[in-house]
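Colleague: Hi! Could you walk me through this model?

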Amino acid sequence: MSVAPPSHYIALPELFNPQTHRLDAGRIANALSLPVGSVATAIGRKAEGVRKRPDAESLQTELGRLYRIWAGIVELYAGDHTNASVFLNAPNPHLENKTPLAFIKSGEFDALESLLSAMTLRQPA
């Protein structure tokens with residue numbers, strides 16, 4: 001009997017602005033234990049603008065990538081945010097012994113998306 005892989009769509013409502021129902025850069029920054037300025041840099045935006053309108057429509061595509069990365073990690077750890085945070089901060093041999101958080105800070109989401117996909121499907125990275 002085969003088991004379906006995790007969906008990468010674990011709900012994390014705390015990352016959404018409750019009034020606009022859009023992803024919020026400040027809430028994502030808090031979840032990742034990063035300053036908003038680091039999230040702004042990661043998504044290629046100026047920190048001042050992101051701080052002013054952290055849930056702007058124009059940010060949703062890139063914030064969505066961060067959301068899917070964080071949600072995927074949380075899901076891999078069965079909803080355990082503490083273990084997911086440890087994963088973010090631990091050097092990973094599949095990422096040239098850099099931390100996943102270093103890839104997030106530099107905006108290199110592709111490598112993390114590929115790693116998460118391989119982990120979800122239980123394939124070598």
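Modeller: Happy to. First, a contact here means heavy atoms within 4.5 Å. With that, residues 24 or more positions apart account for 54% of the contacts in the chain with a separation of 6 or more. This is a predicted model, where local features need pLDDT of at least 70, side-chain atom pairs count only at pLDDT 80 or more, and totals for chains, interfaces and linings use all residues. Residues are numbered from 1 along each chain as its sequence is written, and side-chain values use heavy atoms, with hydrogens and water left out.

Colleague: What pLDDT does the chain average?

Modeller: The average is 91, and 90% of the residues score at least 70. pLDDT is the predictor's confidence in each residue, from 0 to 100. Over residues 1-6 it stays under 50, and the model has six contacts beyond four places in sequence for that stretch.

Colleague: How many helices and strands are there?

Modeller: Seven helices and zero strands. Both are DSSP runs numbered from the N terminus: helices are H or I with at least four residues, strands are E with at least two.

Colleague: And how much of the chain is buried?

Modeller: Of its 125 residues, 40% count as buried, meaning under 20% relative accessible area with a 1.4 Å probe, protein chains only.

Colleague: What about α4, is it mostly covered or open?

Modeller: Mostly covered, with 13 of its 17 residues buried. Helix α4 runs over residues 60-76 and reaches 23 Å from its first C-alpha to its last, close to the 24 Å expected at 1.5 Å a residue. That expected span is 1.5 Å times one less than the number of residues. Just after α4, A78 takes a positive phi of about 55 degrees.

Colleague: Which residues have the most contacts inside the largest nonpolar core?

Modeller: L32, L63, L66, W70 and I104, in a core of 34 residues. The largest share, eight residues, comes from α4. A nonpolar core is a set of buried Ala, Val, Leu, Ile, Met, Phe, Trp, Tyr and Cys residues joined through side-chain atoms within 4.5 Å.

Colleague: What does L66 touch?

Modeller: Leaving out residues up to four places away in sequence, L66 touches I28, L32, V39, I43, I104 and F109.

Colleague: Changing topic: where is N92 found?

Modeller: In the loop between α5 and α6.

Colleague: Why does N92 count as buried?

Modeller: Because its relative accessibility is 9%. Not counting residues up to four places away in sequence, N92 touches F87, N97, K98 and L115.

Note on methods: Buried < 20%, exposed > 50% of the residue type's maximum accessible area, 1.4 Å probe, protein only.
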